Amino acid sequence: MTLTRTVRLSADNGLHARPAVRVTQLVRSFCCAVEISLDAAGPWIDAGSIVKLMAARLLPGSLVHLRATGTDAEAALAALVSLLGDGPSDGGKPSNPSGH
Amino acid sequence: MEESQAIPVATEMPVATERKGQAAAPGLALAPLEELLPTLSKGSPAQETKADPDAERSRLEQAIRAAIGGLNALVAQADSEAGEILAFQVAMLEDPNLAEPAWQAIATGSPAGSAWTLATAPLIADFEGSGDALFAARASDLCDLRDRVLTELNGTPAGPLKQQPGATVLLADDLSPSQFLSWTWHPGSAIALRRGSAASHLALLARSRGIPMVVGLGPLDAAGHQLALVDGDSGRVVLSPDPVEQARMAHAPKDPASLSAGDPYVMGPARTGDGVAINLQLNINGVEELAGLNPGCCDGIGLVRSEFLFSQGLPREDQQFQAYRRILEWANGQSVTIRTLDAGGDKPIPGLSLPEEANPFLGCRGLRFSLAHPALFELQLRALARAACEGDLRILLPMVTLPAELDAASALLDKAVADLRSEGLPARRPPLGVMVEVPAVAIKPELFSRAAFFSIGSNDLTQYVMAAARDNTSVSSLHDCAHPAVTALIEQVVKAGASLGIPVSLCGDMAGDSNHLAALLSAGLRRLSVAPTWLGATKRHLAQLSCGRS
């Protein structure tokens with residue numbers, strides 16, 4: 001199945017270097033294919049590729065579209081929304097425990 | 001190497017050359033100067049005969065694998081901060097999309113080196129040209145990984161760095177994270193860059209290792225100079241500093257991390273020779289400067305420059321809260337004075353568009369800037385009011401000019417506390433103090449009777465009283481904090497504080513300068529705040545002074 005979600009990147013966190021690495025690691029921990037785009041109409045890029053993510057230069061505060069295809073698509077999108085977004089995600093637990 | 005290194009004539013000492021750059025990692029260092037000449041990163045030399053695609057492809061594959069291996073070896077030795085930075089490079093190299101254009105170029109006859117340079121060039125150019133400071137700063141990571149692979153291809157030994165046996169001030173156009181990590185940083189070393197950025201991964205590394213660094217020096221000819229001073233707090237770099245400056249440096253322990261171990265005065269009392277106790281606090285740019293220091297060495301933190309939180313873009317409320325809380329934890333019940341964001345045309349913040357001003361020192365900086373950006377300011381006040389539940393936190397407002405500005409900040413703080421409580425978050429209203437650096441405040445301190453405390457910022461006060469910009473070397477002789485006009489104002493503020501019942505401290509560079517300690521004591525000051533580097537030297541000099549006489 002294919003699911004889509006949109007999320008606004010938090011105002012102080014664009015997808016540069018280290019945050020982008022975290023996204024690719026998260027994506028690759030699921031079996032489904034996840035794509036990301038700045039426009040609902042595409043072009044879609046592979047969210048598991050650090051090179052593509054960096055080249056897309058997703059700046060803080062951008063609205064991004066996520067599209068996942070595969071059995072665990074729903075869980076993958078929930079985890080990504082909680083990693084990327086500003087506000088509380090609906091469904092899905094935050095992926096990283098808030099330690100110190 | 002295009003310049004023939006003439007042997008410097010030993011008879012004549014080169015004249016001191018001073019530059020003002022941007023402070024990127026705090027601390028002071030005085031060490032032999034080593035210039036790092038630009039690496040050749042133009043790809044393989046021009047033996048552009050038709051290359052064998054199969055052979056070139058496997059050469060490049062091997063070089064990429066070797067570069068990944070080299071990075072992983074560095075990751076294994078790195079702390080978590082450095083590890084994450086290197087992991088980004090590893091992830092880039094492991095992504096087949098990176099080399100994709102190179103395979104195509106090789107298939108059409110390109111040698112491996114030019115194919116690799118070609119593949120990485122558009123990404124690098126794209127980042128360099130992106131308007132975003134953080135993405136632009138990543139371009140140097142990409143150049144770094146490009147050069148790693150080229151080095152593997154060309155078979156030259158890793159890094160052109162000539163390791164020196166002792167402390168070194170490394171001067172370069174720019175430095176890559178892996179060059180930084182491959183260098184053995186002897187205590188007392190520092191970095192001075194003609195270009196570079198305070199938002200770079202390199203700056204993060206330098207800060208976490210305690211290596212002072214100044215960036216953005218612009219053109220600087222090092223020929224003939226053998227010694228350099230780097231002040232990573234003020235952004236000042238001096239080549240061939242004069243003997244007076246060198247002597248002053250000699251009193252400063254060179255490695256802040258080894259302060260507690262090295263200098264017996266650090267843990268000793270802050271007391272004058274005639275037994276008057278001085279409240280001596282620390283100025284810091286971030287919690288990592290406190291690593292290895294025992295909180296018992298000081299009376300708390302007199303100045304936290306909260307700009308450190310903004311070096312990577314605008315921090316979230318929670319990030320700020322956690323950072324403040326860590327400092328309070330270290331202070332272990334002692335007071336911690338946090339200065340709100342001191343941004344302005346002379347202190348740019350990545351991610352904030354600052355006004356283009358002809359004269360930024362007289363423009364929208366400090367509290368003026370914060371009041372003009374209430375959303376940003378409220379976020380910081382919320383984080384501070386939350387952290388205030390965890391210890392003795394105080395808020396210091398920079399560049400206050402009018403009592404109405406203090407009142408406006410005070411109202412915003414009240415609102416932040418009320419909002420937090422209505423959201424069910426624990427909050428406490430910290431005392432609100434005024435930084436005395438604008439002459440209007442120093443001349444009429446009694447107008448600020450509602451301030452909880454005064455903290456004199458001697459650097460800015462001096463530049464405003466003397467009308468000599470502190471970043472303008474042509475008027476540096478006028479920038480004299482010991483001028484009677486400046487010390488008279490300091491004395492006046494101390495007296496006003498005493499009659500108003502408002503405590504007064506001084507947190508500028510003047511407090512850490514042994515030449516001025518006596519003047520500060522005779523002005524009546526008993527509360528000082530200095531950089532951790534100066535703590536031991538300040539206590540030593542205090543012990544030689546007495547308050548009884550002038």
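Across the interface of chain B and chain A, the rule finds zero salt bridges, a salt bridge being a side-chain nitrogen of Lys or Arg within 4 Å of a carboxyl oxygen of Asp or Glu. Five residue pairs, both at pLDDT 80 or more, are in polar contact between these chains; such a contact is a pair of N or O atoms within 3.5 Å, where within protein one must be able to donate a hydrogen and the other to accept it, and residues adjacent in sequence count only if both atoms are side-chain atoms.

The model is predicted: local features need pLDDT of at least 70, side-chain atom pairs count only at pLDDT 80 or more, and totals for chains, interfaces and linings use all residues. Residues are numbered from 1 along each chain as its sequence is written, chains are lettered from A in the order in which they are written, and side-chain values use heavy atoms, without hydrogens and water.

The contact (heavy atoms within 4.5 Å) takes 25 residues from chain B and 20 residues from chain A. Two areas are tabulated below.

| Item | Area | Carbon and sulfur share |
|---|---|---|
| Buried between chain B and chain A | about 2000 Å² | 60% |

Chain B has 18 helices and 16 strands, taken as DSSP runs (helices H or I, at least four residues; strands E, at least two) and numbered from the N terminus. Of its 550 residues, 53% count as buried, meaning under 20% relative accessible area (1.4 Å probe, protein chains only).

Methods:
Buried area = accessible area lost by both parts, 1.4 Å probe. Buried < 20%, exposed > 50% of the residue type's maximum accessible area, 1.4 Å probe, protein only.
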